[in-house]
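Subject: Structure for you to look through

Hello,

Here is the structure I said I would pass on. Please open it first, then read the notes below beside it.

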Amino acid sequence: MSDRTRLDVRKTYKLFIGGAFPRSESGRSYQVTDSGANFIANAALASRKDARDAVVAARSAFKKWSTASAYNRGQVLYRVAEMLEGRRDQFVAEVASAEGIHNGEHVVDAAIDRWVWYAGWSDKIAHVLGSSNSVAGPYFDFSIPEPTGVVAIIAPQESSLLGLVSVISPVIAAGNTAVVIASEKRPLPAITLSEVLATSDLPGGVVNVLTGKTSEISPWLASHADVNAIDLTGAAPELATQLQIAAAENLKRVYRPDDDNPDWLADPGLSRLQAFVETKTVWHPIGV
Amino acid sequence: MNHKLFDYAPAPESRAIADIRSNYGLFIGGEFVEPVDGQPFKTINPATEEVLAEVSAAGAHDVDRAVAAARTAYDNTWSRMPGRERAKYLFRIARIIQERARELAVLESLDNGKPIRESRDVDLPLVAAHFFYYAGWADKLEYSGYGSTPIGVAGQIIPWNFPLLMLSWKIAPALACGNTVVLKPAETTPLTALTFAEICRQAELPPGVVNIVTGAGETGKLLVEHPGIDKIAFTGSTDVGRAIAKSVAGTKKRLTLELGGKAANIVFDDAPIDQAVEGIVAGIFFNQGHVCCAGSRLLVQESVADDVLERLRRRMSTLRLGDPLDKNTDIGAINSAVQLQKIRELSRIGEEEGAERWSAPCELPEHGYWFAPTIFTGVTQAHRIAREEIFGPVLSVLTFRTPDEAVEKANNTPYGLSAGIWTDKGSRILSIANRLRAGVVWANTFNKFDPTSPFGGYKESGFGREGGRHGLEAYLR
Amino acid sequence: MTLTTSAIPADVASSDAALRRFLHGLPGVDQVGADSRAAALATRSIKTTAKRWAIDTAITVIDLTTLEGQDTEGKVRALCAKGARPDPTDATCPKVAAICVYPDLVATAREHLRGTGIKVASVATNFPSGRAALPVKLADVRAAVAAGADEIDMVIDRGAFLSGRYLEVYDEIVQVKAACDTAHLKVILETGELATYDNVRRASWIAMLAGADFIKTSTGKVSPAATLPVTLVMLEAVRDFREAGGRQVGVKAAGGIRTTKDALRYLVLVNETVGDDWLSPDWFRLGASSLLNDLLMQRQKLLTGHYSGPDYVTID
């Protein structure tokens, strides 16, 4: 029996919203090519209505995800890393094809390790970002970090998997839910990641992935009143400024990295965890 | 009002202790200087409408000069100074504030209209404590978790409700971290900030580390848009905060905003009722309700609503409104004619929308800006007085039946600054506190502040925290 | 559970369970909140005309007290004279409300107070501990009343209270009240031994339900004695009791009140918690001994404009 005669079964690349894989409601798609400009697939070209649906899905997932125990979130995220590991070869091939690199293994390994790193953070964020406050009076006073809410993420345009993982995992490790706009030209690893998320224990709607034109979809997310924060990492400078202005309307938290071309292999530090948590301070009298 | 058996005689604090000059320049580079392109304006005593002093509104050149002075001080002196030396300056300032506390309290009450009891017992002790607290951080920044490198020159804009306290919240952490500042106090309350400038001189703070430019919104805008500013810290209305957020878009300026609120104060049927009533009163009538975190929406469980309201009305009838300098005054003057107009307008709308208005029986002085402590009952979430920040002594009373309903109503607002919970059941407190989308939750207390305790909002109440270790984040990189 | 005290159930003392249910249904008292309310009121500044009124009122509500093992007829006689004419140099100076002594000295006090309008108050029920058999306590009361006491200051059984035997505490007060006949009954809660403000509130209600005419903070033999927040909690209790359809009950703060400043703070507390209705010796008392002379010195200062000294007030 020879494989050479067999026609392979191609994958249809769709959006990932609320745990399901719909096509764009607009019925549109666009061509995705590899680094050598060869056709690979048609990806869904998400519309503003897909973005709207994704926000609804993220909002409805927020309550359960944000109130799950941090231990549970850590377990779920670690489970995702296990599934990533299982698909390692597929990711290596996709990343190599998308980014035109030869050290795909290195990048994919870093992405899996990054996911594990953030998985371990879920139940440590409160230690590091919270505090017990020695107020001058008979009060017990403490501050705890809480997830900001629904976070719109414009994923890095270049680093299709490691960059993507590095922006999604801190957001959900802290208990937020996310609407991600994947790299416009290199969206396929994001879709494959969605398949991983769908088959792990992550509740539907915690991560929603849109593929399409960043400049078309992102303004709808930036101006959406039910989005609490926006990560502008993958937005080109001019677009980022426009989005920042739109985000001011409901005073979204805006994360715009200082470095336009970050080294995704470097230690990420805490900044992405800090960016998407709120500090809540609670006071209570101490008496008998 | 009926004659009372025990009628407190006037007990005025002497205003002679506060030495007010007839006019003030701008404090730039360690000196009071005449404005180059600014216009003079008057600051008045809102309790009497008398003019207290003439102050300068800084123009573009003035703001330029102030930012340049701050930059020079940053580059040459302050950012290079060892933390332990910066700390000692801040400790000095804290001590001088304690030494001059009564004078500053009187000045604050004169310019702002708040009762001397509050400026003396709340504002000033907290101001000194804030400097004392952040002084201690200056040489320990590497343990903060936010780095230990200052950002540069901070432009800071503060409101009129707690003039000196807001100054301390802005200046103390900025200086501790090695930044220099240009601070703009509110146009109706510049006097304590200008006296603080003198305190900086008494402390021999290096020139240019603190610069104070007076003026209104236009001066603030110049400061926000100035290219020499690295960080903006603003406390004030959500609308202005929004405009600032837009104006810094695309720049490298860092931003923290502490904006409006419409806090729910939730009273359950098992609350310690007399303390809850005190907490309701402290929540909305403290500082004439000119408090961004005021408990302006009372959510009371239906089964006890009548009892709570009866006690509240009785308690409100004992509130003493009048001369802010009288040591027995509980409710002072509204800060300005504009603010009074806004409170009246929203109260009128409350009545028009069908809510029932009740005001404490107190005589309002003939001159000055006054508004009697007022509650509206029969308010629903659809009423404007339940949604808009009134920033005055006006409480909207709503009811609820279940904990879920209380949380849902409490969170049903674009704001998220603070909230209150009153119940004797510990597990309920923690459950409700978890679910409230608000930056500060006071359980069985309200309107408590401390320099060690991070303060700031969720959602449209702004971002960033002031106070505590968290308060360093805005001034470090 | 409910906050409202709009009605007192008719069967409130029908059983230990019923009484417990009622008492534990009363709203809790947050200690920190009560302390801070009292502290805020303590910052009231009482000046000039208000101070004059307050000092004179403070004198009129004093239960001038001597409760020592070394008390003698001579001591009590002197105290009676002092109470009737606190400042011998000033006829406008008001009299105190009562002279408070041990039962065996009631007759002496009665004799020396004749015609003054000043009441004779006697502690009883094996004051201050109350640790005696009920018949002994009742005999103690009857003896004091028979000797001419207008007012009886009893102590509650704190042991029974703290072990949750509320009905026992209640019943004892009912019996003492009966033994008082027409004499007014002040019920001492000894708040320094009750540990929490919740307990102070509950003990106040037991006493009021059982027929107390006054509730009183302390014996003066236990520290802490009267404090502002404890008195605040008791004032709230008498206010709520009347609101709920009960009688008006008086409040007596006793022990540790030594200065004019202290006394004025208590009057402010009364003024702003329960108001005019309680601002008279019929409804508010201060149990004290050395306080009177400090009030007199402050009074002289107001009249003369200069500070007075201990040589210008009488020491008896």
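Helix α1 (residues 48-67) of chain A lies across β5, β6 and β7 of chain A, and runs at about 155 degrees to β6(A). Helices (H or I, at least four residues) and strands (E, at least two) are DSSP runs, numbered from the N terminus. Angles run from 0 to 180 degrees between N-to-C directions, and axes are lines fitted to C-alpha atoms, for helices over the stretch in contact. Two residues are in contact if their C-beta atoms, placed from the backbone, lie within 7 Å.

Before you go further: this is a predicted model, in which local features need pLDDT of at least 70 and side-chain atom pairs count only at pLDDT 80 or more, while totals for chains, interfaces and linings use all residues. Residues are numbered from 1 along each chain as its sequence is written, and chains are lettered from A and ligands numbered from 1 in the order in which they are written.

Chain A

Helix α6 (residues 162-173) of chain A lies across β5, β6, β7 and β8 (229-231) of chain A, at about 165 degrees to β6(A). The sheet of chain A is open and has 5 strands in the order β7-β6-β5-β8-β9, with parallel pairing. Because β7 (207-210) and β9 (253-255) of chain A stand at the edges with a single partner strand each, one side of each has no neighbour in the sheet. From one strand to the next, the twist averages 15 degrees.

Two strands pair if DSSP finds at least two bridges between them. Strand β5 (residues 150-154) and strand β6 (residues 177-181) of chain A pair in the parallel sense over 5 bridges. In β6(A), A:Ile181 is the bridge partner of A:Ile154.

Where chain A meets chain B

This contact takes 25 residues from chain A and 35 residues from chain B. On the side of chain A that touches chain B, two or more residues each come from β4 (139-147), α9 (237-247) and β10 (277-285) of chain A. Which element gives the most to that side? β10(A) does, with 8 residues. By class, the side of chain A that touches chain B has 10 nonpolar, 10 polar and 5 charged residues. Here Ala, Val, Leu, Ile, Met, Phe, Trp, Tyr, Cys and Pro count as nonpolar, Asp, Glu, Lys and Arg as charged, and the others, Gly among them, as polar.

β10(A) also pairs with strand β16 (residues 440-443) of chain B, in the parallel sense over 3 bridges. The bridge partner of A:Thr281 in β16(B) is B:Val440.

Chain B

In strand β10 (residues 264-267) of chain B, B:Ala264 and B:Ile266 point one way and B:Asn265 and B:Val267 the other way, and all are buried. A residue is buried if 20 or more other C-beta atoms lie within 10 Å of its own, exposed if 12 or fewer, and partly exposed in between, with C-beta atoms placed from the backbone. In a regular strand the side chains alternate between the two faces of the sheet. β10(B) pairs with strand β11 (residues 297-301) of chain B in the parallel sense over 4 bridges, and B:Ala264 has B:Arg297 as its bridge partner in β11(B).

Chain C

In chain C, 8 strands close into a barrel in the order β1-β2-β3-β4-β5-β6-β7-β8, with parallel pairing. Neighbouring strands of this sheet are turned by 25 degrees against each other on average, direction ignored. β1(C) and strand β2 (residues 98-101) of chain C pair in the parallel sense over 3 bridges, and C:Leu64 stands opposite C:Ile99 in β2(C). Helix α4 (residues 73-84) of chain C lies across β1 and β2 of chain C, at about 160 degrees to β2(C).

Helix α2 (residues 31-41) and helix α10 (residues 228-243) of chain C pack at an angle of about 105 degrees, with their axes 8 Å apart. α2(C) and α10(C) are therefore roughly perpendicular to each other (angles under 35 degrees count as roughly parallel, over 145 as roughly antiparallel, 65 to 115 as roughly perpendicular and the rest as oblique). The residues of this contact divide into 6 nonpolar, no polar and 2 charged.

Finally, 29 residues of chain C are in contact with 27 residues of chain B. The largest share of the side of chain C that touches chain B, 5 residues, comes from α3(C).

Regards
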